[in-house]
Amino acid sequence: MNRKIIFLAILATTVPATLNAATTCSRANLTRCLDSVCAINISSNPAARCQYCGTAGAGTPAAGDAMRSVSVGTSAKYTLNAKELKSAPSDPGSRYTWATTQCLQKVSGCTPDDVTETYDSLIEQSCKAAGITAQMANLRAAAAKKKTSASCKTDIQACMIDAKRCAADYSACTDNADFDKFFAGCSVEATGCDDYISAVRTDLIAARDTAIKNADTIIESIVASYQKQREQRLTSARAKCTDNAGRDACITAVCERSMANKCAAGFEAERSMATQLCKFHDLACAALK
């Protein structure tokens, strides 16, 4: 499936920027640009990419993060600042499309296929972390203030899945020696849990084994979800080609937004210009047939 064609048809009211076909896409700069929209506060929230540009099922980013930019310390040429982010949609799917549009304008030579191949795997990894993070949030909310078996498990598990230890998916603790090393340290930090250490260790080993076993299943599910979304976008794109609906909507939008006389009667030159600007719809629809 050609995502470039799909994006052209979906962004019906957007006049495309002319790309220099001879320019090689810098995927490093492309990732920096996409991260400035989708990876806000990623250092303390590994689920950020999934929450911002993956799926609403991953939860809502922490309050106050939405207008922050990760462009500090990086080239502003390839990132979006806080002012630009105010225009970003809050819906993850729409935000992903918006980020793609903005970054293809900022990073010369790149295509929607480069976005897919560069960034989808990062979103998938973030979504896997989001599932575990959501479970931890529920455990903390339900835990009693006094030390019980449940509260001890919550504290020790939170310690264990820290990025500096086992990580959210337990990928750094597949070896038992690594698991035991981190568990020993986390047990010491969890004061008042001596009576529950053995049971908690058994539960966390089971959780680790399940996370590792289900890793492939989780990724397959996410990939299937993305495939379904793309198929739906293709269907929508083809609908815009029926009776030139997409092109006509583009012409109307260009006339309203960019033409001094709104392409009114007697100003045929304006409508002719708008029609030429929207001609990419004809090319896209011809490829979709």
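Start by selecting helix α2: nine of its twelve residues are buried, so this helix is largely enclosed by the rest of the structure. Buried here means under 20% relative accessible area, while exposed means over 50% and partly exposed lies in between, using a 1.4 Å probe and protein chains only. Helices are DSSP runs of H or I with at least four residues, strands are runs of E with at least two, and both are numbered from the N terminus.

A word on what is on your screen: this is a predicted model, in which local features need pLDDT of at least 70 and side-chain atom pairs count only at pLDDT 80 or more, whereas totals for chains, interfaces and linings use all residues. Residues are numbered from 1 along each chain as its sequence is written, and side-chain values use heavy atoms, with hydrogens and water left out.

**Stop 1**

From α2 come L30, C33, L34, V37 and C38, and from α5 come R95, W98, A99, T100, C103 and K106. Eight of the contact residues are nonpolar, one is polar and two are charged. Ala, Val, Leu, Ile, Met, Phe, Trp, Tyr, Cys and Pro count as nonpolar, Asp, Glu, Lys and Arg as charged, and the others, Gly among them, as polar.

**Stop 2**

Next, select the cysteines. The whole structure holds nine disulfides, each a pair of cysteine sulfur atoms within 2.5 Å.

Zoom in on C152 and C193, joined at an S to S distance of 2.0 Å. This link links distant parts of the chain, with C152 in helix α7 and C193 in the loop between α8 and α9 (197-241), 41 residues apart. Both C152 and C193 are buried, and their link is left-handed, with -90° about the S-S bond.

Move to C159 and C186, another disulfide with S to S 2.0 Å. C159 lies in helix α7 and C186 in helix α8, so the pair ties together parts that are 27 residues apart in sequence. Both C159 and C186 are buried.

Then pick C250 and C278, with S to S 2.1 Å. The torsion about their S-S bond is about -80°, so this disulfide is left-handed.

**Stop 3**

Most residues other than glycine have a negative phi. Select A167, in the loop between α7 (149-160) and α8 (176-189): its phi is positive, about 80°, although it is not a glycine. A167 counts as buried, at 18% relative accessibility.

Finish at C263, in the loop between α10 (245-258) and α11 (268-277). C263 has a positive phi of about 60° and is buried, with a relative accessible area of 8%.

Notes:
Contact = heavy atoms within 4.5 Å.
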